[in-house]
Amino acid sequence: MKTKILVIDDEMGFQKTMRETLEPLGYTVVEAHNGEEGLKAVDAEKPNLILLDIVMPKLGGIDFLKQLQKDKGGNPFPILITSNFSGIGKIDEGLELGIRGYIVKSNESLKTIVRDIELLIGEAGK
């Protein structure tokens, strides 16, 4: 069974880039455009890892994490925040809510993002 990555991000360009980068590596990519869609996709798709943006319409990343904590009692899979928002308060809040990493999209290469994804998936499989 392929490893499934849920990309929760309102930036269509980022979603397209992730799909075009990850699918040739053997991953299945599922997309959600905001936190509300992301919560539904978590239940429907059972992803192995989530890439989560912070600033989105309807339900942002931090509120998504809080709702996931409430609904699931924790994060049943690794979550990597991928956002252009780099406020230290949001990073700390995300860490308190169980994220496994934080990438500022505008500062990192695709190679770095893929490396972090592969590290987290490897850790989750142990």
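## Terms and basis of the model

A residue is called buried when its relative accessible area is under 20%, exposed when that area is over 50%, and partly exposed in between, with a 1.4 Å probe and protein chains only. By this rule Tyr102 is buried, since its relative accessible area is 18%; Tyr102 has its place in strand β5 (residues 101-104). Helices (H or I, at least four residues) and strands (E, at least two) are DSSP runs numbered from the N terminus.

This is a predicted model, in which local features need pLDDT of at least 70 and side-chain atom pairs count only at pLDDT 80 or more, whereas totals for chains, interfaces and linings use all residues. Residues are numbered from 1 along each chain as its sequence is written, and side-chain values use heavy atoms, with hydrogens and water left out.

## Overall fold

The chain contains five helices and five strands, and along the sequence these follow the pattern β-α-β-α-β-α-β-α-β-α. The radius of gyration, taken over C-alpha atoms, is 13 Å, close to the 14 Å that the globule rule (2.2 Å times the number of residues to the power 0.38) gives for 126 residues, so the chain is as compact as a globular protein of that length. Along its principal axes the C-alpha trace spans about 35 × 30 × 25 Å.

Of the 126 residues in the chain, 48% are buried. Where contacts (heavy atoms within 4.5 Å) join residues at least 6 apart in sequence, 61% of them join residues at least 24 apart.

## Strand β3 and its partners

Strand β3 (residues 49-52) sends Leu49 and Leu51 one way and Ile50 and Leu52 the other way, and all of these residues are buried. Two strands are taken to pair if DSSP finds at least two bridges between them. Strand β1 (residues 4-8) runs parallel to β3 and is joined to it by four bridges, with Leu51 of β3 as the bridge partner of Val7. Strand β4 (residues 79-83) also runs parallel to β3, through three bridges, and here Ile79 of β4 is the bridge partner of Ile50.

## Helix α3

Helix α3 (residues 61-72) has twelve residues and reaches 16 Å from its first C-alpha to its last, close to the 16 Å expected at 1.5 Å a residue, where the expected span is 1.5 Å times one less than the number of residues. Its buried residues include Gly61, Ile62, Phe64, Leu65 and Leu68. Seen down the axis of α3, the buried residues fall within an arc of 155° (the arc of the directions from the helix axis to the C-beta atoms), so they line one face of the helix. The C-alpha atoms of Lys66 and Tyr102, 36 residues apart along the chain, are separated by 17 Å.

## Positive phi angles

Most residues other than glycine have a negative phi. Lys46, in the loop between α2 (35-45) and β3, has a positive phi of about 50° although it is not a glycine, and at 56% relative accessibility Lys46 counts as exposed. Lys58, in the loop between β3 and α3, is likewise not a glycine and has a positive phi of about 70°; Lys58 is exposed, with a relative accessible area of 65%. Just after α3, Gly73 takes a positive phi of about 75°.
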